[in-house]
Amino acid sequence: MLKRRRIIILKGDITDEVFIESIFEKYQFDSVIHLAAESHVDRSITSPLVFAKTNILGTMILLNAFRASWKDDWSDKLFYHVSTDEVYGTLGEEGLFTESTSYNPNSPYSASKASSDHFVRSYGETYRLPYVISNCSNNYGANQFPEKLIPLCINNIIENKKLPVYGDGKYTRDWLYVEDHADAIDLIFHKGKPKETYNIGGFNEWQNIDLIQLLCSQMDIKLGRSKGTSNQLISFVKNRPGHDLRYAIDASKIKNELGWEPSVTFEQGLSKTIDWYLENEIWMNHVVSGDYQTYYKKQYIK
Ligand code: TYD
């Protein structure tokens, strides 16, 4: 256990019922902000059960512990469930996900998050447990594990390795800088209305190929390489099964009701992110050793 002023860090597994119950008994938390999840779509395709266990069962264990600790005395309590826009499935070339878009998940990952959202809502209806849910678009920023597109490509550019672009690269995501997501969570936690859902997005859609080209040009400058060097690493590879074509969030509810907007442009956020990875090579080298190598070979080399 690490103790720093008012923060206590306890490391455990959310599917470990005994551990979770014991910490709820010990600390009598007022509220929970639940962000623990298996989150990488490609891993959910190879190991779907792990996602069901962590994302569905883990959420239920937290809900049960929260419920048991307050015995239906809910004054000033809140269970805040952090989720993803992927629960809505895929968009065509037009339109945006709103809070009333039907759930239509396409990957085992998004199905497990959709299920956990439903459980949270059902505890609200059945047991009157006070909850709020947010569904956010793709995040990027410091400390992101290099299984995700942006840190994976940053690492590969540094190492002069191929940049694997799935399919034709025209798949589109709405990217949000992680600190803007953290600000949105803080705002929803303090000012959001119970039983509501808030969509969080970057107003920032990019086709994967355009994003990777922008990343390559920023990396060339930062690494002192001549223009166009990193672009040569781009390699089109076999598509992801069930690959959602496009995600894009209508974030007008959180903007109009709570006054939230992203604080950085994509170019600024990406630049800060690259700087963080260049300054934290020890972190990167540590996380890409061991298990990551096995994952990388299975996913990209076979
Ligand atoms: P990812 O970071 O895995 O997030 P998500 O699947 O949750 O949106 O992928 C972002 C996009 O980049 C997605 O369309 C899949 C694509 N992608 C690649 O083209 N190559 C890769 O190696 C990875 C990891 C993702």
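**Entry 1: charge pairs**

I started with Glu261, which forms a salt bridge with Lys255; their closest N and O atoms are 3.7 Å apart. I noted that this is a predicted model. Glu261 has 47% relative accessibility, so I filed it as partly exposed. Lys255, at 34%, also counts as partly exposed.

How many salt bridges does the structure hold? I found 9. Side chains of opposite charge can pair when their charged atoms come close.

Next I looked at Arg240 and Asp42. Their side chains meet in a salt bridge, at 2.7 Å from N to O. This pair links distant parts of the chain, 198 residues apart. Arg240 sits in the loop between S11 and helix H8 (252-258), and Asp42 sits in helix H2 (residues 41-46). Are they buried or exposed? Arg240 is buried, because its relative accessible area of 15% is under the 20% cut-off. Asp42 is buried too, with a relative accessible area of 4%.

Then I checked Glu205 and Arg246, whose side chains meet in a salt bridge of 2.8 Å, N to O. They are 41 residues apart, with Glu205 in strand S10 (residues 205-207) and Arg246 in the loop between S11 and H8. Glu205 is partly exposed at 37% relative accessible area. Arg246 is buried at 7%.

**Entry 2: the interior**

I moved on to helix H5 (residues 149-158). It is largely enclosed by the rest of the structure, because 8 of its 10 residues are buried. Among them are Ile150, Leu152, Ile154 and Ile157. After H5 comes Asn160, with a positive phi near 55°.

Which residues touch the most other members of the largest nonpolar core? I listed Ile150, Leu163, Ile212, Leu215 and Phe266, out of 32 residues in that core. H5, H7 and helix H9 (266-279) are among the elements that each supply at least two residues of this core. H7 gives the largest share, 7 residues. In soluble globular proteins, nonpolar side chains tend to be buried together.

**Entry 3: a loop and the surface**

I looked up Thr229 in the loop between helix H7 (208-223) and strand S11 (234-237). It is partly exposed, at 26% relative accessibility. Its C-alpha atom is 7.9 Å from that of Cys216, 13 residues away along the chain.

Last, I noted a negative surface patch formed by Asp13, Asp16, Glu17, Glu21 and Glu25. Glu25 lies in helix H1 (residues 17-27). At 62% relative accessibility, Glu25 is exposed.

Methods
Residues are numbered from 1 along each chain as its sequence is written. This is a predicted model: local features need pLDDT of at least 70, side-chain atom pairs count only at pLDDT 80 or more; totals for chains, interfaces and linings use all residues. Side-chain values use heavy atoms; hydrogens and water are left out. Patches are made of residues with over 30% relative accessible area and no salt bridge: like charges are joined within 9 Å, nonpolar side chains (Val, Leu, Ile, Met, Phe, Trp, Tyr) within 5 Å. Accessible areas come from the Shrake-Rupley method with a 1.4 Å probe; for residues, only the protein chains shown count as cover. A salt bridge is a side-chain nitrogen of Lys or Arg within 4 Å of a carboxyl oxygen of Asp or Glu. Lys and Arg count as positive and Asp and Glu as negative; His and the chain ends are not counted. The place of a charge is taken as NZ of Lys, CZ of Arg, CG of Asp or CD of Glu. Helices (H or I, at least four residues) and strands (E, at least two) are DSSP runs, numbered from the N terminus. Buried means under 20% relative accessible area, exposed over 50%, partly exposed in between (1.4 Å probe, protein chains only). A nonpolar core is a set of buried Ala, Val, Leu, Ile, Met, Phe, Trp, Tyr and Cys residues joined through side-chain atoms within 4.5 Å.
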